[in-house]
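Hi everyone, thanks for coming. Let me walk you through a structure that may be new to you, starting with its pocket and then turning to some aromatic rings.

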Amino acid sequence: MSNLLRGLRHKDVTKYKPVQDYGHKLKPMSNFLYLFRGGHETYNQLSQEEKQAHMQVWGEWMGGLKEKGQLLDGLPLAEDGKVVHQKGELVTNGPYAEGAEVVGGYLIVVAKDIDEAVEMSKGCPIFDYDGSYVEVREILSMDGH
């Protein structure tokens, strides 16, 4: 997936606000975060050939988003990490989540509203795995907050 996204990582996606032309009106677009949850256990049981084939499906789906100017950024996430609590006084191994709670990766996409972002997510290959889902969240600007 990272080869597909080369060149996108250096953009400040929080400031990138394209516009949609609706005839005489220009409407600003919004950025949305896709968090991919679940499917991890099933994916790990696949053969290397099956994993490569599935990654090709992801590449095609993301390539379609990129061609339409809807994909800004995204990458898979490592399984392990650290969790920081109490202003850094407590650092634990983790996060440890079960099944569908595991966040396997993210994308940042551009859409006119959350309904369009949800519609775009319906073609995501994560749905090939039972119990997997995409969490769709709008990315807000720090201006005015």
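Let's start with the largest pocket, whose volume is about 730 Å³. A pocket here is an open set of points on a 1 Å grid over the protein atoms alone, where a 1.4 Å probe fits, with protein on both sides within 12 Å along at least five of seven lines; lining residues have an atom within 4 Å of a point. The volume is the space filled by probe spheres set on the points, which are joined across faces, edges and corners.

Please keep in mind that this is a predicted model: local features need pLDDT of at least 70, side-chain atom pairs count only at pLDDT 80 or more, and totals for chains, interfaces and linings use all residues. Residues are numbered from 1 along each chain as its sequence is written, and side-chain values use heavy atoms, leaving out hydrogens and water.

Now, the rings. Tyr34, Phe36, Trp58 and Trp61 form one aromatic cluster. Rings pair if their centres lie within 6.5 Å, using the six-membered ring for Trp, and planes over 60 degrees apart count as edge-to-face. Tyr34 and Phe36 are such an edge-to-face pair, at 6.3 Å and 70°. Phe36 is buried, at 5% relative accessible area, where buried means under 20% with a 1.4 Å probe, protein chains only. Phe36 also pairs edge-to-face with Trp58, at 5.0 Å and 85°.

Note on methods: Rings of Phe, Tyr and Trp (its six-membered ring) pair if their centres lie within 6.5 Å; planes under 30 degrees apart count as stacked, over 60 as edge-to-face and the rest as tilted. Buried means under 20% relative accessible area, exposed over 50%, partly exposed in between (1.4 Å probe, protein chains only).
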